[in-house]
Amino acid sequence: MPRRSIFLVGALLLLLSIPALAQKITGARTQFSLNDNWRFYPSGAEFASGKQVDVSAWERVDLPHTWNAKDPFDDDATYRRGISWYRKTLVMNEQLKGQRIFIYFEGSNQVTDVYVNGNYVGQHRGGYTAFRFDITEFIKYDGVANSIAVQVNNATDFLIPPLSVGYAMYGGIYRDVWMEATDPLHFSMSDHGAGGVYISTPKVTEQEATIKIKGLVKNDGQGPADFEVVHSIYDAAQKLMATQRNTIQAGANQETAFEADLGAIASPKLWSPEQPYLYSVVSEIIQKGKVIDRQTNPLGFRWFSFNPETGFSLNGKKYVLKGTNRHQDFKGKGSALTNEDHYRDLKIIKDMGCNFLRLAHYPQDPEVLRLADQMGLLIWEEIPVVNNMNPDPGFLKNAQYMLREMIRQHYNHPSIILWGSMNEVLLWSKGNERIQVHTDEVYLQEVRKFQVKMDSTLRSEDPSRYSTMAMHMSKDYEQYKMAEIPQVAGWNIYDGWYSGKVEEFGPAFDKKHREHPNEVLLVSEYGAESDLQVNTENPQRLDFSGAYQRYYHESYLSQINKRPYFAGTAIWNQFDFSQPNIGGTISHVNHKGMLTWDRIHKDVYYLYKANWNPEPMVYIASRDWMHRGGKSGQVSTIEAYTNLPEIALMVNGKRYAAQKPNEIGKVSWKVNLTGGANVVIASGTKNGKNYTDQLSIRYQLFDDQINTPDFKSVAINVGSNTQYTDDSEAIWIEDRPYSSGSYGHIEGVNANLNLKSMITHTEDTPLFYSYLDNLKAYRLDVAAGRYEVELCFAEPEKLAPGNRIFDVYINDAKVMDRVDLVKDNGFAVASKHKFIVETDKGLYIRFDALKGKAVLNGLKVKKL
């Protein structure tokens, strides 16, 4: 739905004039946005729900809005989860008198209490489904100012999913809010936030498609009503294809069900991701020849099935689900995204060549589903039962209600093929702690009973689609027969990232397929993280380099293509997203995305585009590493992704032999880059047309032999195989053992902080992620002169003070005495220490361990 201003602002009053409104009118139904000009108070407030409240000191905000757009991402391990208030004042148009008035929220996280003119209207529990309240009896006319007060609370509630989340629980009214006006006789507005009209296609073939419609009509009038319900089907050109009329009677203040069989459409145009053809169904309530309510819903004809041997089929043919996952947030905005944001994201996904999208881990904005129908993306949608569950009956009740809300609200979208009931529910224990192997069999049986209830609820709500759940690669799911409950088993796998090797991915599923031949297998998550500031010629697991992320996905894609039994796959994730209190090289962010959190494309995106999007292309996969360093004459790797038959490369005018891409569209060359700008051009042809990609790589020369008068500085990413480019564009080069005439460490083992360890008090997080453990010394054979030496430290382990103590000497002069990083700074707190040194014998930095082992994260030496 478009977000457009629909009112004139005068102080805090909204003077609504129907002819002047930029509103959405569907027949006799009126709908207009309430997004603009709210007042916001970031705390609980006594009497904030009252009819008249002084809001002069409150912040003015527009919706969508969240109060957590920034605070989850600072050095504080917590962010504000609690109560906030929103208020808005408006004067109603007199033409709405006599109609039923509803307020409709597309999403508010997570407990929302609504008041109108000081009267309590209702509460909604859950942050990701829509809801509405009938506020007719509380609205005033005749120029009276109406107050709307909304209390939103995103505090943890152990009866409301989710309990444990790997993403920010943004608080606020973060989606659109609408006011709706209907005739007293109208399609139901009270069925779990849905529209009251539900369309199914029981039989679809290339020859014909049948349509059935059921729904609810509410008569809020004072007497019985006789009326017709008329359904009309139009094609994309608005040609009438079929119509059906039913005469119905509804008693006063009663809700009446209806059903309609519209017969068959001959030779229907089928819906698919390649050709997302949409019909529309217009449902009308007609009384005495007048249309008094109207609803329009999308209609797409398609049929599909899942099979444990052949995977997925669409419209009678095997169809490979090429998918990804999406979270609904953006850097600086949090979850408060506009329709334009949703469009941008889905277009990026579609342009990559995806035909399948998992909405993780919760129902997303109605606009996302509308766009999926329109653009052609098959959808897995799920509720936020994530990582664990509470066996309390109240939790089950709320989860089941969320499931019904999601299904009924999005029932009519042809893009949806899978409903998900939970994700990795055995990842955490009953006591809300992460666990590897469950031993509490009583809890496991409770989880299984919960799962059965959720799956049966799902299937009873919508037998036309498949049930699914996502599981991590724990044996407990199959040992306790949980994997067999959903119709499609989604598996989240990270071999080669958190542990293991990438080549273990395929054999792990081959084994699962052999041992559970009736299980439909869908890879619901796989991925590795990358940081655009970190890269290397020698990628390693957990180094966060773009090179390793590409290596991981290249291997997985190749293995996926060889396994036809897969129903489909979904990359984790399309975009980097919020994950408060997680470590790595970017704190609070899960950076497994094909794009960064602010939507910068990573090189790995084009691996999938080359394989999944048939549009001819060539892409030089070096934009993640446009500024790099190395020795003169050192060999550098240039890689490209393409779907062309052959690619030629030219670097600084020098031509390299053309190459044919491998089975996943990759070509690779070893080249020599020169100091400064290097122009790289890759090109190929298809059907007589030339396709070219070009970029410039800035190559900074570093001389191994630093004992010369020309030496100026060196910055070393100690303990790491990667180069780190800081915000000043200085390169911290990869670490190395000492060699005569040069530099390097003496003894020590390369290590990384635990991925859960959040590094604080620095803008150079990648520098402090790696470290050298148990080093004895660092030697630099610089020429005689005066130097600035900078040492960088962060305690990598959760030790008690006094368990790691060491002295630091530079050329036998003690410069740091009894360093105790925990005592001095705290765990994972970055610190930098600079010293000015005069030398005629190089620099020898010694680390004498007094207790435990000495560590070092970074080293910079600059000649003065």
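Two strands are taken to pair if DSSP finds at least two bridges between them, and strands (E, at least two residues) and helices (H or I, at least four) are DSSP runs, numbered from the N terminus. The structure is a predicted model, in which local features need pLDDT of at least 70 and side-chain atom pairs count only at pLDDT 80 or more, while totals for chains, interfaces and linings use all residues. Residues are numbered from 1 along each chain as its sequence is written, and side-chain values use heavy atoms, with hydrogens and water left out.

By the pairing criterion, strand β29 (residues 466–472) runs parallel to β30, and 5 bridges join them. Within this pairing, M471 has W491 of β30 as its bridge partner. Strand β30 also runs parallel to strand β31 (residues 521–525), to which 4 bridges join it; here G490 stands opposite L522 of β31. Strand β30 (residues 488–492) is largely enclosed by the rest of the structure, because 5 of its 5 residues are buried, where buried means under 20% relative accessible area, with a 1.4 Å probe and protein chains only. V488, G490 and N492 point one way from β30, A489 and W491 point the other way, and all are buried.

A further element is an open sheet of 5 strands with mixed pairing, in the order β37-β43-β42-β39-β40. At its edges stand β37 (627–630) and β40 (654–659), each with a single partner strand, so one side of each is left without a neighbour in the sheet. From one strand to the next, the twist averages 25 degrees. The pairing of β37 with strand β43 (residues 689–701) is parallel and extends over 4 bridges, with G629 opposite Q700 of β43.

Turning to the helices, α3 (residues 393–410) and α4 (residues 441–461) pack at an angle of about 25 degrees, their axes 10 Å apart. Axes are lines fitted to C-alpha atoms, for helices over the stretch in contact, and angles run from 0 to 180 degrees between N-to-C directions. Helices α3 and α4 are therefore roughly parallel to each other, a term for angles under 35 degrees. The contact (heavy atoms within 4.5 Å) is made by F395, L396, A399, Q400, L403, R404, I407 and R408 of α3 and by F450, K453, M454, T457, L458 and E461 of α4. By class, the contact has 8 nonpolar, 2 polar and 4 charged residues; Ala, Val, Leu, Ile, Met, Phe, Trp, Tyr, Cys and Pro count as nonpolar, Asp, Glu, Lys and Arg as charged, and the others, Gly among them, as polar.

Technical notes
Angles under 35 degrees count as roughly parallel, over 145 as roughly antiparallel, 65 to 115 as roughly perpendicular and the rest as oblique. Buried means under 20% relative accessible area, exposed over 50%, partly exposed in between (1.4 Å probe, protein chains only).
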